[in-house]
Amino acid sequence: MELENYDDFPQSLPLIIEDDIFLYPFMIAPIFLSDEQNLKSVQESIDNNKLVIVSVSKPGFEKKRGVDGYYDVGVVGNIMRKITLPDGRVKILFQGLAKGNIKEVTKSSPISVMTSLLEIDKYDKIKVDEIVKILKGVVKQYSKVNKQFPSDLVSTISQNDEPERIADLISSVLKLDKQTAYDLFSQTNLEKRLVLIIEHIKNEIESIKLQKDIAKEVN
């Protein structure tokens, strides 16, 4: 399914609030829901063949659905499947299509929000391409010291020449606190976003090396 099959943006979309992780446009992911507002948003989407936007609750606002309790960005996508589980929860299969920017609440129950597409700023392609080369090298180095980093992702990134997609792929597998994940997710300056990812990975590499050095000294 493509965005072209739906209404133009900006448009009002039902909001699903995820408590754990940011989803990305290329993902097809299961989401388990039990919150009443989220379930109403799912039904609104299915009944009216509408897209939804999935955002993330801010730290300390998990399982709360107040207006100020979630981030102002998320992923616009469609619900491919809905299954009611024996324990009362609902499992949906969600397909991300694009990043969205939440402007304002248009309806309180289910929560619907005016949504526009999040677009990156214009950038210097030559400069960004050079930064991407550095990023790919840092990722290879990181994969060698961190065995939990998906090895197939290194190959996928090396074969990809879309800087925004590369940034999304890497960000989606990094272990980040919510605020850091939001900062990377919502950053529209592509150069700055790539540099931030490089800095984060380099810090992780140094941290892993330090842990290994300490372990050696202890032994």
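Predicted model: local features only at pLDDT ≥ 70, side-chain atom pairs only at ≥ 80, totals over all residues.
Reader: Is Val218 buried or exposed?

Author: Val218 belongs to helix H6, which covers residues 190-218. A residue is called exposed when its relative accessible area is over 50%. Val218 has a relative accessibility of 66%, so Val218 counts as exposed.

Reader: What kind of aromatic pair do Tyr142 and Phe149 form?

Author: Searching the whole structure gives six aromatic pairs. In the pair of Tyr142 and Phe149, the ring centres are 5.3 Å apart and the planes stand at 65°. Planes over 60 degrees apart count as edge-to-face. The pair of Tyr142 and Phe149 is therefore edge-to-face.

Reader: Are Tyr142 and Phe149 buried or exposed?

Author: The cut-off for buried is a relative accessible area under 20%. Tyr142 has a relative accessibility of 6%, so Tyr142 counts as buried. Phe149 also has a relative accessible area of 6%, and therefore Phe149 is buried.

Reader: Which lysine has its charged end over the ring of Phe185?

Author: Phe185 is part of a cluster linked by ring pairs, together with Phe22, Tyr24, Phe26, Tyr71 and Tyr182. A charged end sits over the ring of Phe185, 4.6 Å from the ring centre. That charged end belongs to Lys99.

Reader: How far is the charged end of Lys64 from the centre of the ring of Phe61?

Author: The charged end of Lys64 sits over the ring of Phe61. Its distance from the ring centre is 6.0 Å.

Methods
Residues numbered from 1 in each chain as written. Heavy atoms only, no water. Helix = DSSP H or I, 4+ residues; strand = E, 2+ residues; numbered from the N terminus. Buried < 20%, exposed > 50% of the residue type's maximum accessible area, 1.4 Å probe, protein only. Phe/Tyr/Trp six-rings, centres within 6.5 Å; stacked < 30°, edge-to-face > 60°. Lys NZ or Arg CZ within 6 Å of the ring centre and 35° of its normal.
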